[in-house]
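Work through these exercises with the structure open beside you. Try each task before reading its solution.

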Amino acid sequence: MENCPCGLENSYLACCGKFHSQQAFAQTPEALMRSRYSAFVKNNLDYIKATMRGPALKQYHRASGSKSEGLPWCGLEILQAYLNPQNPDIGFVEFKAYYQLPDGIGALHELSEFHRKKGRWYYVDGSWR
Ligand SMILES: [Zn+2]
């Protein structure tokens, strides 16, 4: 059995796949982050768009796409994930996403911000580290 692209030892269908097919919604910012990474691997741009709001979505439209599209992603590392202690509807995930280029492996290191609206988490903003 092949592991999910997000790196968890679970099949794609039992892991991020159930979010992509909308059988379930990610319950934590980390789960949403992992499912968005897997969506980039699977080139599922509908899911990428559907899980963004606010500045992230505006930026996506302004750039007519994301810098992360089409890169040969080869791994995800979650460095930390936490909720805002004053407001548990705001969460953060710091991660490194790795991609393979002909001359070596590159990494996108980002601190992403997530907001929960009506029980669903959305990616709203990110800053490069
Ligand atoms: Zn997964």
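**Exercise 1. Find the salt bridges in this predicted model, and say where each partner lies.**

Step 1. Side chains of opposite charge can pair when their charged atoms come close.

Step 2. Search the whole structure. Two salt bridges turn up.

Step 3. Take the pair Arg 34 and Glu 30. Their closest N and O atoms are 3.0 Å apart. Both residues belong to helix H2 (residues 29-42). They sit four residues apart, about one turn of the helix.

Step 4. Arg 34 has 12% relative accessibility, so it counts as buried. Glu 30 has a relative accessible area of 28%, so it is partly exposed.

Step 5. Take the pair Arg 116 and Asp 89. Their side chains form a salt bridge at 2.8 Å, N to O. Arg 116 is in strand S3 (residues 104-117), while Asp 89 is in strand S2 (residues 87-101). The pair therefore ties together parts that are 27 residues apart in sequence.

Step 6. Arg 116 is partly exposed, at a relative accessible area of 30%. Asp 89 is also partly exposed, at 33% relative accessibility.

**Exercise 2. Describe how the protein holds the zinc ion.**

Step 1. List the protein donors. They are the SG atoms of Cys 4, Cys 6, Cys 15 and Cys 16. These atoms lie 2.3 to 2.4 Å from the zinc ion.

Step 2. Look at the angles. The four donor atoms subtend 104 to 119 degrees around the zinc ion. Tetrahedral requires all angles to lie between 85 and 135 degrees. The arrangement is therefore tetrahedral.

Step 3. Ask about burial. Cys 6 and Cys 15 are both buried. For Cys 6, the relative accessible area is 1%.

**Exercise 3. How many disulfides does the structure hold?**

Step 1. Recall the bond. A disulfide is a covalent bond between the sulfur atoms of two cysteines.

Step 2. Count. The structure holds zero disulfides.

Step 3. The closest cysteine sulfur to its own is in Cys 6, 14 Å away. That is too far for a bond. Cys 74 itself is partly exposed, at 41% relative accessibility.

**Exercise 4. Which residues touch the most other members of the largest nonpolar core?**

Step 1. In soluble globular proteins, nonpolar side chains tend to be buried together.

Step 2. Name the residues. This core has 27 residues, and Met 33, Trp 73, Leu 76 and Phe 114 touch the most other members.

Step 3. Find the elements involved. Those giving two or more residues to this core are H1, H2, H3, helix H4 (54-62), strand S1 (73-84), S2, S3 and strand S4 (120-128). H2 gives the largest share, six residues.

Step 4. Look around Phe 114. Leaving out residues up to four places away in sequence, its contacts include Leu 32, Met 33, Ile 90, Val 93 and Trp 121. Asp 89 is also among them.

Methods. Residues numbered from 1 in each chain as written. Predicted model: local features only at pLDDT ≥ 70, side-chain atom pairs only at ≥ 80, totals over all residues. Heavy atoms only, no water. Donors = N, O, S within 2.8 Å, 3.2 Å for Na, K, Ca; no water. Tetrahedral: all angles 85-135°; square planar, octahedral: opposite > 155°, others 65-115°. Buried < 20%, exposed > 50% of the residue type's maximum accessible area, 1.4 Å probe, protein only. Salt bridge = Lys/Arg side-chain N within 4 Å of Asp/Glu carboxyl O. Disulfide = S-S within 2.5 Å. Core = buried A, V, L, I, M, F, W, Y, C linked by side-chain atoms within 4.5 Å. Contact = heavy atoms within 4.5 Å.
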